Amino acid sequence: MHPVATLLVLTNLPDRPSAEALARELVERRLAACVNVLAACHSIYHWQGKLETASEVPLLIKTRSERYAALEAAIRQHHPYELPEIIALPVTAGLPDYLAWVTAETPASDHLED
């Protein structure tokens, strides 16, 4: 296991342009090492007492646990939903070189250049 905790964070956006814009923002700000913008999916859920359906574009976001708070804040700031899905899953194993790359690409905020 890699010494720095890696997270896989999931969220969904209403369309491809907003998903790509958020993905780019997170990577440019080094809050994420990589964001996969997946194919649109069909979601079914309850919202405000009604059964809803929507086409959504999922994002798979790779980051380190120390960057999670800033990542969550950025998602909330740029997300069009009133209540965005933001779920962080710990990565318990992975290719050590890949996990090291995630760590290197998401430096602690006090090491970032403006």
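This is a predicted model: local features need pLDDT of at least 70, side-chain atom pairs count only at pLDDT 80 or more; totals for chains, interfaces and linings use all residues.

Me: Which residues is Leu71 in contact with, once neighbours within four places in sequence are left aside?

Reply: Leu71 is in contact with Val9, Leu26, Leu31, Ile61 and Thr63. Numbering starts from 1 along each chain as its sequence is written, and side-chain values use heavy atoms, without hydrogens and water.

Me: What makes a group of residues here a nonpolar core, and which members touch the most others?

Reply: The term covers buried Ala, Val, Leu, Ile, Met, Phe, Trp, Tyr and Cys residues joined through side-chain atoms within 4.5 Å. Buried means under 20% relative accessible area (exposed is over 50%, partly exposed is in between, with a 1.4 Å probe and protein chains only). The largest such core has 18 residues, and Val9, Leu26, Val35, Leu59, Ile61, Leu71 and Ile75 touch the most other members. Strand S1 (6-13), H1, strand S4 (50-64) and helix H2 (68-78) each give two or more residues to this core. The element names are DSSP runs numbered from the N terminus: helices are H or I, at least four residues, and strands are E, at least two.

Me: How do you know which residues bring H1 and H2 together, and what is the angle between them?

Reply: Leu22, Glu25 and Leu26 in H1 meet Leu71, Ala74, Ile75 and His78 in H2. These divide into 5 nonpolar, 1 polar and 1 charged. The scheme counts Ala, Val, Leu, Ile, Met, Phe, Trp, Tyr, Cys and Pro as nonpolar, Asp, Glu, Lys and Arg as charged, and the others, Gly among them, as polar; therefore Glu25 is the charged one and His78 the polar one. The helices pack at about 150 degrees, with axes 11 Å apart. Axes are lines fitted to C-alpha atoms, for helices over the stretch in contact, and angles run from 0 to 180 degrees between N-to-C directions.

Me: How many salt bridges are there, and why is the pairing of Arg16 and Glu20 called one?

Reply: A search of the whole structure finds 4. The term needs a side-chain nitrogen of Lys or Arg within 4 Å of a carboxyl oxygen of Asp or Glu. Arg16 and Glu20 have 3.0 Å from N to O, so this pair meets the cut-off. Being 4 residues apart in helix H1 (residues 16-28), they are separated by about one helical turn. Both are partly exposed, Arg16 at 38% and Glu20 at 39%.

Me: What makes the pair of Glu105 and Arg30 count too, and where do they lie?

Reply: Their closest N and O atoms are 3.6 Å apart, so the distance falls within the limit. Glu105 is in helix H3 (residues 96-105) and Arg30 in the loop between H1 and strand S2 (34-37), so the pair ties together parts 75 residues apart in sequence. Glu105 is partly exposed at 26%, and Arg30 likewise counts as partly exposed at 31%. Arg30 also has a phi near 60 degrees, a positive value in a residue other than glycine. Most residues other than glycine have a negative phi.

Me: How do you know whether Lys50 and Glu52 are buried, partly exposed or exposed?

Reply: Lys50 has 52% relative accessibility, so it counts as exposed, while Glu52 at 23% is partly exposed. The two form a salt bridge with closest N and O atoms 4.0 Å apart.

Me: What does Trp47 touch, not counting residues up to four places away in sequence?

Reply: Trp47, found in strand S3, touches Glu52, Glu82 and Leu83. Its relative accessible area is 30%, so the label is partly exposed.

Me: Why is Arg76 called exposed, and what is Arg76 in contact with?

Reply: Arg76 has 53% relative accessible area, so it is exposed. Arg76 is in helix H2, and, beyond its neighbours within four places in sequence, is in contact with Pro84 and Ile86.

Methods:
Contact means heavy atoms within 4.5 Å.
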